[in-house]
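Welcome! Please take a moment to look over the sequence and the 3D structure before reading on.

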Amino acid sequence: MSQQGYVATPPYSQSQPGIGLSPPHYGHYGDPSHAGSPPGMMKPAGPLGAAAPGGMLPQGPSPPGPHQFGQNGAHAQGHPPQRFPGPPPVNSATPSYAPYSPSTQSSYPSPASTASVTQLASQLNAMHINSSGMAPPGQGLPGPPAPLFQGLPRPPQPSIMQPGSQVLPPPPTALNGPGSSPLPPSTHRQDGLPGPAPLNAQYQPPPLPGQTLGTGYSPQQAASYGPQMAGGQLSYPGGFPGGPAQMAGPPQLQKKLDPDSIPSPIQVIENDRATRGGQVYATNSRGQVPPLVTTDCVIQDQGNASPRYIRCTTYCFPCTSDMAKQAQIPLAAVIKPFATIPSNETPLYLVNHGENGPVRCNRCKAYMCPFMQFIEGGRRYQCGFCNCVNDVPPFYFQHLDHIGRRLDHYEKPELSLGSYEYVATLDYCRKNKPPNPPAFIFMIDVSYSNIKNGLVKLICEELKTVLEKLPKEEQEETSAIRVGFITYNKVLHFFNVKSNLAQPQMMVVTDVGEVFVPLLDGFLVNYQESQSVIHNLLDQIPEMFADSNENETVFAPVIQAGMEALKAADCPGKLFIFHSSLPTAEAPGKLKNRDDKKLINTDKEKILFQPQTNVYDSLAKDCVAHGCCVTLFLFPSQYVDVASLGLVPQLTGGTLYKYNNFQMHMDSQQFLNDLRNDIEKKIGFDAIMRIRTSTGFRATDFFGGIFMNNTTDVEMAAIDCDKAVTVEFKHDDKLAEDSGALIQCAVLYTTIGGQRRLRIHNLSLNCSSQLADLYKSCETDALINFFAKSAFKAVLHQPLKVIREILVNQTAHMLACYRKNCASPSAASQLILPDSMKILPVYMNCLLKNCVLLSRPEISTDERAYQRQLVMTMGVADSQLFFYPQLLPIHTLDVKSTALPTAIRCSESRLSEEGIFLLANGLNMFLWLGVSSPPELIQGIFNVPSFAHINTDMTTLPEVGNPYSQTLRMIMSIIQQKRPYSMKLTIVKQREQPEMVFRQFLVEDKGLYGGSSYVDFLCCVHKEICQLLN
Ligand SMILES: [Zn+2]
């Protein structure tokens, strides 16, 4: 939102008045006079978009049939079934698959006859891989299910069979290991290189002497993999411990597969860095695939939203829904509307049309954007979304140049940029009046344990500092945000901290059944004005409750109180709740311990993820309606029912932080970093997001920290810079290759300064009737984000086993469709992956092994509920790191370089006794020390003489004045930067107990608590593909 930091870049820097040179053209904050309206300008006929009451985003008649799609409901005929139909009946078997029509012609032989297999079969039947004009089943494909990774005995097929000598020009990206040829310097996935290059990666294991798979590996043996497992016990190999022999597959296969020869996430990441890192990425062409999230580059908005704001699962949509069904690639966008933009990129311009407000299409209400086509000398424009021809409002008229472009094209952000903001008029405000600035309310659990362990004192001390850093508008000296304070155990204490008081005053509300706000004046105050009273209060709180023996707490009334206080003050805001225990006191939202491990691995497991009472659901709804965002800091020492307590934070766009068994000396730094970061982060309040699309497709499902009262308006009490909403699209008609697929995301919100704004992000995608184009334009990181969110949403309704099976099947299906339709003919036994999805299997396996989807009693229910909630709001970069952690060798550190060392694959086989490794996943950080770590490094990092001397009971590294220490700590801070959660550091010595925890993050290996290795999973997927192709 800053107007500073603009870096003039061509073409904008070149004689384009108004951009760069004179930013005021794009309006100052809240200066309506700036619009430069001609005299006698007319107001638009009728209210702008007929603003709905209550500050709703004005919604016009949306493209046809807005109610055709329920948010979770069944879809109209001709649309693919919802992936996770919900909520389904409790019984697992066929009803869960009801949407997969049993009448669909079966293209595949049913594998077997157990219940789970039947389910799978009916799903597979619905996959349409051989339908609609494609070759009949089996055509062109060699006979029976072929062995996995068939090696030498196959007939020679030089272009594929010889990894070292690929003859296809340019070479397809092979799944190379060290023993084969290096990847070509440029990857094909993003640049859409012309030419006949097959955009696929082909797997061919290096021939191993003396070993063949061609015989002795019968389909029966192979059937021990995957969902076809008898009895439905395993949904994928290694899904559960107890049957390792089955999961590992035939031993000879294990020997066959060299991990170096299967696709490496590290190699994909490094290739993209090598080809696109450090460059300027201009968003000037439709459907171009951006650099990976792991690649650093400078993004220049030239008409499409930066990938920092929107990333898509594919940048080329299939023209028809039949094609979409055929490929089963999710069509989705991951939108992070308030993403942080680095200081070397242009912040969003603010457009102010004064009382005219934004220019919008009369029919679909899309906002003026680069996709509007001006015609008739500039007097009218055709909407790119609904094709309606609109009159240009007189105040907005401008002549066209010889190519039909407005003369002011480069002066107006909304004509030339993908992202920008509008100052909203009163039509966009609740009750048609300007909003009040938001307020922050700090609500501290002062029950016995929190006082005793020093937490209350820590919070109060810290607040004195962080309140100095309340977020403010760039041009303002002080923050407009007001603050208030409440403490609670089983009653609530409100504090009057009015600036003219000598002492703060406490008011106790004991009626937690119907919470009211006992004071208005003096509760929400300006921090600067009331600073001394507030400090006085924060000093007193720990002592005030020092003798309290109260163990019981309430929770729902706390949220209720905060929300009522904001409502009474008529402002949006955020509650910061610091809470420790299961709220067992008699009050609404009272919870009991219902952590029942017996439910795990049953159809009732989903209950563990659902809230215990509907109190929190309706509370969340009220909070969203009043712009009240709830952020929860949890300090549990036992089960606290995160599934219930976390619901309001999740649905209100807040954040849940959890510190298990909080110990002051170990955990306070992590907590304080989180608190500081959360208070200071950029955030918009009282937000409504609306996704508009060009004709032929529409947004059908939404995942994130959101609330939806209807099928189109995504309501958020607040949305901050780290939160993303994932949107799924479905066809409702044909898409045309020439016009492409256009997406406009509009977020109406209130700024931290109390201004109503609209933030607009536009993105244009390609459309194609060629499946190869679709596969070429996929982005695996975004796909995994989508799969994770849709699966984690389904967890509430579906048995986990079913969800895992669907994920495995869809993975196989997408790859089989590619193999069948896009890859060059080759032996059926070969695993052929599209270049853009090379590492989809490894990432998918990581998702399947995540504790949310892994039904294991060893993992706490609260931890699973917590991770489920975190992922639901993650952006693509965060989900990528979360599912595939970053593992860096530290012992090879170049202390003279500021660059991060190249990561290695997350597998134990990559570690070495002589090495030191740093692992980070966005929540945790581990420093793993091999038993033979170099003493000079140990000295350098820890300032102790040997491995044995290292104290693992530390969560920050000592500041040792030498290059090793400095470089390592710098690396850790670089990794931490830009991440929404402070990562707690754990020091792990090889062969000591805590290593067990660390090993869970070596995600290419077989999981400690189940979950197959990458190699096993790839075999499983390959097997599934072979079956699909048969
Ligand atoms: Zn329109």
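What follows is a short tour of this predicted model, from the whole chain down to single side chains.

## The chain as a whole

The chain has 1030 residues, and 61% of them count as buried. Its secondary structure comes to 26 helices and 31 strands.

How do distant stretches of sequence come into the picture? Among the contacts with a separation of 6 or more, 75% are between residues 24 or more positions apart.

In soluble globular proteins, nonpolar side chains tend to be buried together. Here, the largest nonpolar core has 204 residues, and F485, F671, L927 and F942 touch the most other members. There is also another core lying apart from it, made of 38 residues, including C312, F702, M716 and Y749.

Which residues is F671 in contact with, once its neighbours within four places in sequence are left aside? They are L455, L458, I459, F578, F633, F635, Y659 and F662.

Helix α20 spans residues 840-849, and because 10 of its 10 residues are buried, the helix is largely enclosed by the rest of the structure. The buried residues include L840, P841 and V842, and also N845 and K849. What covers them? The cover includes helices α6 (265-276), α18 (780-794), α19 (800-821), α22 (876-883) and α26 (1014-1029), together with strand β27 (832-834).

Helix α22, one of the elements covering α20, is mostly covered too: 7 of its 8 residues are buried. Those buried residues are V876, D878, S879, Q880, L881, F882 and F883.

Side chains of opposite charge can pair when their charged atoms come close. A search of the whole structure finds 47 salt bridges. One of them joins the side chains of K574 and D678, at 2.6 Å from N to O. This pair links distant parts of the chain, with K574 in strand β17 (residues 573-579) and D678 in helix α16 (residues 664-680), 104 residues apart. Are the two partners buried or exposed? K574 has a relative accessible area of 1%, so it is buried, and D678 is buried with a relative accessible area of 1% as well.

K793 and D701 also meet in a salt bridge, at 3.0 Å from N to O. K793 is buried at 17% relative accessible area, and D701 is buried at 3%. A further bridge joins R999 and E908 at 3.2 Å, N to O. R999 lies in helix α25 (residues 995-999), while E908 lies in the loop between β28 (886-889) and β29 (916-920), 91 residues away. R999 is partly exposed at 31% relative accessibility, and E908 is partly exposed at 38%. Elsewhere, E376, R379, R380 and D391 are linked in a network of salt bridges.

## Two residues with polar contacts

E421 sits in strand β11 (residues 419-423). With a relative accessible area of 2%, below the 20% cut-off, E421 counts as buried. The side chain of E421 makes a polar contact of 2.5 Å with that of Y749, and another of 2.8 Å with that of R757. Y749, as noted above, is a member of the core of 38 residues.

R308 is found in the loop between β3 (298-300) and β4 (310-312), and it is partly exposed, at 26% relative accessibility. Not counting residues up to four places away in sequence, R308 touches C297, I299, K336, A339, T340, I341, P342 and E345. The R308 side chain reaches the backbone oxygen of C297 at 3.0 Å. The C-alpha atoms of R308 and V876 are separated by 9.1 Å, though these residues are 568 apart along the chain.

## A nonpolar patch on the surface

Which residues form a nonpolar patch on the surface? M506, V508 and M544 do, with about 240 Å² of accessible area together. V508 lies in strand β15 (residues 505-509), and at 43% relative accessibility it counts as partly exposed.

Note on methods: Residues are numbered from 1 along each chain as its sequence is written. This is a predicted model: local features need pLDDT of at least 70, side-chain atom pairs count only at pLDDT 80 or more; totals for chains, interfaces and linings use all residues. Side-chain values use heavy atoms; hydrogens and water are left out. Patches are made of residues with over 30% relative accessible area and no salt bridge: like charges are joined within 9 Å, nonpolar side chains (Val, Leu, Ile, Met, Phe, Trp, Tyr) within 5 Å. Accessible areas come from the Shrake-Rupley method with a 1.4 Å probe; for residues, only the protein chains shown count as cover. A salt bridge is a side-chain nitrogen of Lys or Arg within 4 Å of a carboxyl oxygen of Asp or Glu. Helices (H or I, at least four residues) and strands (E, at least two) are DSSP runs, numbered from the N terminus. Buried means under 20% relative accessible area, exposed over 50%, partly exposed in between (1.4 Å probe, protein chains only). A nonpolar core is a set of buried Ala, Val, Leu, Ile, Met, Phe, Trp, Tyr and Cys residues joined through side-chain atoms within 4.5 Å. Contact means heavy atoms within 4.5 Å. A polar contact is a pair of N or O atoms within 3.5 Å; within protein, one must be able to donate a hydrogen and the other to accept it, and residues adjacent in sequence count only if both atoms are side-chain atoms.
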